[in-house]
Amino acid sequence: MNTYTDYATGAPIADTKAPEGPIEGRWDRRRFEAKLVNPANRRKYTVIVVGTGLAGGAAGATLAEQGYHVVQFCYQDSPRRAHSIAAQGGINAAKNYRNDGDSIRRLFYDTVKGGDFRAREANVHRLAQVSVEIIDQCVAQGVPFAREYGGLLDTRSFGGVQVSRTFYARGQTGQQLLLGAYQALSRQIAAGNVEMHARTEMLDLIVVGGRARGIVARDLITGQVSTHFADAVVLASGGYGNVFYLSTNAKNSNATAIWRAHRRGAWFANPCFTQIHPTCIPRSGDHQSKLTLMSESLRNDGRIWVPKAKGDTRPPAEIPEDERDYYLERIYPAFGNLVPRDIASRAAKNVCDEGRGVGPGGQGVYLDFADAIGRMGRAAVEEKYGNLFEMYQLITAENPYEVPMRIYPAIHYTMGGLWVDYDLQTTVPGLFAIGEANFSDHGANRLGASALMQGLADGYFVLPATINDYLARHPHDEVDPEHPAVTEALMSVTDRLRRLLENDGDRTPDSFHRELGELLWDECGMARTETGLRKALERIPALREEFWRRIKVPGRGTELNQSLEKANRVVDYLELAELMCLDALHRAESCGGHFREESQTADGEAARDDEAFSYAAAWEFHGTGRAPELHREDLAFEYVHPTQRSYA
Amino acid sequence: MRLTLRIWRQRGPEEPGALSVYEIEDISPEMSFLEMLDTLNERLILRGEEPVAFDHDCREGICGACGMVINGQAHGPERTTTCQLHMRHFRDGDTIDVEPWRAAAFPVVKDLVVDRSAFDRIIGSGGFVSAPTGSAPEAHATPVPKPVADTAFEHAECIGCGACVAACPNGSAMLFTSAKVTHLNVLPQGQPERESRVLDMVGTMDAEGFGGCTNTGECAVACPKGIPLQSISTMNREFLRASLKNGGRGAR
């Protein structure tokens, strides 16, 4: 058994392909300099898109509209079910419809600052520029955004900003945006421009002659493993939050596509940058299979508090006003309950660690709407948050109109992902990563309502512009299906599945997944220490070894076998988790969502270390159980000058 | 809690199925129905038996993946998705029947998993606004009165779970189809394709083998998202209007 806590440092990343010049003009310049493919030639090119969420659905539809032949995959039974559908709160755009001082520049600024100065400026500026077009596009598709009585679009404000730039569709914004993309995609499927493979999971990447030329996929119904070839491959398979077992991700969301791509040469950037969302429903017991988010928009009107006294078990209604600690309003008077996610999450953990938490196990804080109901009336609160209150009541059997909600932080989003250049291309030529699957725009912390913006920006506008350049430079040629690289990828997938099925063990895939998840949450969650991370780096290889000795997968490979699917994903989590811990260990600073206990100010706030860590860490794979190689992308801040974030 | 589960087991589409009986103990009332099934499956695996296959994903009631007939009711006794149904709605000692959606247009894949791809084909035949990326005008160019936007939203909430079809004695997909027709046909953006949309979607719905509507209203009772039954009459009106205007011909 090999363990590693050290790593080699390779050459830094010299060129991100981001154009030079004033930042406002860079995206225009890149689009102008990109080579184009003649419309008549586009149908000769095949592009594989893995995933049908906001990024993948939008990209598949748009590439097909442009005339490319798209072959698309999702593990769900329908492309409409990708987990983007569960995003509640909204989508940011610099429309400045409120005339409240918003602008592209300000959205850019807020996003770079919110990301704690660990994102690439050129990408973030482009995101802010494109945000404006996204709203237009979605409205044209019939997305039923919230509107005011005059018929114009309504907006609300979100954590970490002081303008009202978040467009929403009640608490179901992700659903409505995804259905818009899904409908556009369905139109292209029906027109024969997209070949859709639902219930099919990508299990490996095929690299021929140094370029991504296809994937190995398994039909989840028949179990058949097959190869699919293309001129370029786009991964839109989402984030890796489920490595923690308990997260707000869908149960089947997984890291296999990006991890297999990483093993095939795509560098993985900032894997330890994961986001802990402050407003989730606390867990109710050991049977808990996933965590449910309550939209952060609730913090607009809800007030967060805990009792001032430790171990106060009185019902909330019996705790008088002067014995309550509205700790966010107290510590951060300017932003109050609307501080960014990382700060709200850590503050919640701190008060619970002090023994002032509420609910089962003291792992919760109150989110109270009594004042809002008093101020706006129950009907107005219901109009704004009705479905969220209903969901909360369904799960907890408590009525939040009458008793305060209980919330606790949970893993929600992963800012890390495959390293991509300005064109969203990974280090494997012809392999692109979009949406949450890449690492690009959110730095060390994502602001609320920015994931939907990035997914749709990448899918509708950025990738469809940049992929042209790659395709134009690589005229179509056929992949030899007998090529050794193809056979090797196919064999490695079938061998692994056979090994899982043949092992005569005594532990279920879920039991390993839970154990790994708890270890990660404890040692690589909100607060990290060198000792804890070293411990995790010792433990993970041992767990991996135990997995291969004791795993038990019932059934056959030639049919629907959900245990086999799970086990196969856990294999990848067991490698990814190790890289996350190494990345966290090497980044000895507190930054964004992560509090490194050795790196704090005198008054206990996170201390970022720009001197040592103002870079994106891109890791190159060198084998299971072998130390990876670090490549730094140094970050230059020409427009937004790094400051220690202050929301006080 | 201690429960007796009678669960439909079926190896594949062409194989016969039957109810299998499982006794299960130590179920917490705080568990969701799916967490109860997870618990059963973990125990089945350790006993060397095959776990029960069922569709599920977000477990927040929004993706529409889960769905089973519980004691004869689509999604069980509460008006919610199966993933949001909790065991506190059952009593210690209960016997619970668990079956897949039953409808001609939703063939069983395995155990509780069915094939709902017919829904995707209905959407593909007209459930969209043809607005290719990049072609959109400024969002505020067309104001949409709030009541119209609210009506559109109320119908756009459909999650495509298929409970309406499972609950309908005729296996009809009228509520699903009418929800999308109403969402898009009331909006100004949906006007140019208003007639072809309803004609093509209804044509596809019939071709996929869904039954007709006899106004039993079971669909709207089972719908976890509360899509109103009136949406069916809206679609019927739209269909009649489009038939008169287009002579019954859709776009395709």
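1. The structure is a predicted model, in which local features need a pLDDT of at least 70 and side-chain atom pairs count only at pLDDT 80 or more, while totals for chains, interfaces and linings use all residues. Residues are numbered from 1 along each chain as its sequence is written, and chains are lettered from A and ligands numbered from 1 in the order in which they are written.

2. On confidence, the predictor gives the complex an ipTM of 0.98 together with a pTM of 0.96. Chain B has an average pLDDT of 96, with 98% of the residues scoring at least 70, where pLDDT is the predictor's confidence in each residue, on a scale from 0 to 100.

3. The interface between the chains takes 63 residues from chain A and 66 residues from chain B, two residues being in contact if their C-beta atoms, placed from the backbone, lie within 7 Å. On the side of chain A that touches chain B, the elements giving two or more residues are helices H3 (54-66), H5 (121-140), H6 (173-190), H11 (378-396), H12 (451-473) and H16 (562-586) of chain A; helices (H or I, at least four residues) and strands (E, at least two) are DSSP runs, numbered from the N terminus. H6(A) supplies the largest share of that side, with nine residues. By class, the side of chain A that touches chain B holds 25 nonpolar, 24 polar and 14 charged residues, with Ala, Val, Leu, Ile, Met, Phe, Trp, Tyr, Cys and Pro counted as nonpolar, Asp, Glu, Lys and Arg as charged, and the others, Gly among them, as polar.

4. H6(A) also packs against helix H2 (residues 117-124) of chain B, at an angle of about 90° and with the axes 8 Å apart; axes are lines fitted to C-alpha atoms, for helices over the stretch in contact, and angles run from 0 to 180 degrees between N-to-C directions. H6(A) and H2(B) are therefore roughly perpendicular to each other. Gln183(A), Ser186(A), Arg187(A), Ile189(A) and Ala190(A) of H6(A) meet Asp120(B), Ile123(B) and Gly124(B) of H2(B), and the residues of this contact divide into three nonpolar, three polar and two charged.

5. Within chain B, helix H5 (residues 174-185) and helix H3 (residues 146-156) have axes that come within 8 Å and cross at roughly 155°, and H3(B) and H5(B) are therefore roughly antiparallel to each other. Their crossing is left-handed, a term used if the near helix is turned anticlockwise from the far one by less than a right angle, with right-handed used if clockwise. Ala152(B), His155(B) and Ala156(B) of H3(B) make the contact with Ala179(B), Thr182(B) and His183(B) of H5(B); by class, the contact of H3(B) with H5(B) has three nonpolar, three polar and no charged residues.

6. H5(B) has a further partner in helix H8 (residues 230-246) of chain B, the two axes coming within 8 Å and crossing at roughly 70°, which makes H5(B) roughly perpendicular to H8(B). The crossing of H5(B) with H8(B) is left-handed. Residues of H5(B), including Met174(B), Leu175(B) and Asn185(B), meet Ser231(B), Ile232(B), Thr234(B), Met235(B) and Glu238(B) of H8(B), and this contact is made up of six nonpolar, six polar and one charged residues.

7. Chain B is divided into domain 1 (3-110) and domain 2 (117-246), with bounds that come from an automatic or database domain assignment. The C-alpha centres of these two domains of chain B lie 29 Å apart, and 17 residues of domain 1 are in contact with 16 residues of domain 2. The side of domain 1 of chain B that touches domain 2 of chain B has nine nonpolar, six polar and two charged residues.

8. Chain A is likewise divided, into domain 1 (277-412) and domain 2 (484-621), and 30 Å separate the centres of these domains, taken over C-alpha atoms. Their contact takes five residues from domain 1 of chain A and four residues from domain 2 of chain A. Helix H9 (residues 341-353) of chain A gives the most to the domain 1 side, with four residues, and the residues of that side divide into one nonpolar, one polar and three charged.

Definitions and conventions. Parallel < 35°, antiparallel > 145°, perpendicular 65-115°, else oblique.
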